[in-house]
Amino acid sequence: MLDFETTGLSPEAGDRITEVAALRIAGGRVVDRYVSLVNCGVRIPPYIVEYTGITQEMVDGAPPVDRVVPELIDFIGADPLAAHNASFDEKFLKAEGALLGHACRHSDLVCSLKLARRVFPGLASYKLGLLTRSLGIRFNGRAHRAEADAEVAAELLLHIGRHLDRSYGLGQVEPDLLVSINRLAAAKVHGFVGKYAADRRANR
């Protein structure tokens, strides 16, 4: 589960990362993590400081991007990558890696926002804080800091996995199933997962 804090919304417009958290999930829990502020040598707009609480002084004293990003990409390795609104975090990961000539190697992309829309349709909001609160998931730490956001997004992903297991008798929920659900319309999820579960039982 990956989360970046950034100076803005678009690496194409010159926005850069200021903080990263990557949490490795295995066996239904977080088993390892990589967390760091990042010094990209850029100025942080005042509204971003207010939004995240990450100040210029904090990033000026942080590890440099040419150390953090290669370490991060190596930490992720070939594992499937997940994030809430995953296309946002992946585009920053790829952009920062490209600036350093360090290619990403993750095998698949899972978006917990898309998953929640498909598995829990009809909720009032799918913004991370409001969504997790509605599902009874506690938010520890300050919102819009990378580690706290990644932790609650990881709990959301595990919550979705447990819900699918209870609903369909899946046992362990594999990343390939989550990737497939991401690509479906919400109306097709029930039939698809039901068939997936039946096929797994038949092949045991």
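What covers the buried residues of H8? I began my notebook with this point, and I found that the cover includes strand E5 (109-111), H5, H7 and helix H9 (186-203). The model is a predicted one, in which local features need pLDDT of at least 70 and side-chain atom pairs count only at pLDDT 80 or more, while totals for chains, interfaces and linings use all residues. Residues are numbered from 1 along each chain as its sequence is written, and side-chain values use heavy atoms, with hydrogens and water left out.

I listed Leu177, Leu178, Val179, Ile181 and Asn182 as the buried residues of H8, where buried means under 20% relative accessible area, exposed over 50% and partly exposed in between, with a 1.4 Å probe and protein chains only. Helices here are DSSP runs of H or I with at least four residues, strands are runs of E with at least two, and both are numbered from the N terminus.

I noted that two packed helices are described by the angle between their axes and the distance between the axes. For helix H5 (residues 112-119) and helix H8 (residues 175-182) I wrote down an angle of about 75° and axes 9 Å apart. H5 and H8 are therefore roughly perpendicular to each other, a term for angles of 65 to 115 degrees, with under 35 roughly parallel, over 145 roughly antiparallel and the rest oblique.

I then looked up the contact, which means heavy atoms within 4.5 Å: Lys114, Leu115, Arg118 and Val119 of H5 meet Leu178, Ile181 and Asn182 of H8. By class, the residues of this contact are 4 nonpolar, 1 polar and 2 charged. Ala, Val, Leu, Ile, Met, Phe, Trp, Tyr, Cys and Pro count as nonpolar, Asp, Glu, Lys and Arg as charged, and the others, Gly among them, as polar.

**Entry on two loop residues**

I kept in mind that most residues other than glycine have a negative phi. Asn85, in the loop between strand E4 (81-83) and helix H4 (86-99), has a positive phi near 65°. Because its relative accessibility is 36%, Asn85 counts as partly exposed.

His144, in the loop between helix H6 (128-134) and helix H7 (146-168), also has a positive phi, near 70°.

Definitions and conventions:
Axes fitted to C-alpha atoms, helices over the stretch in contact; angles between N-to-C directions.
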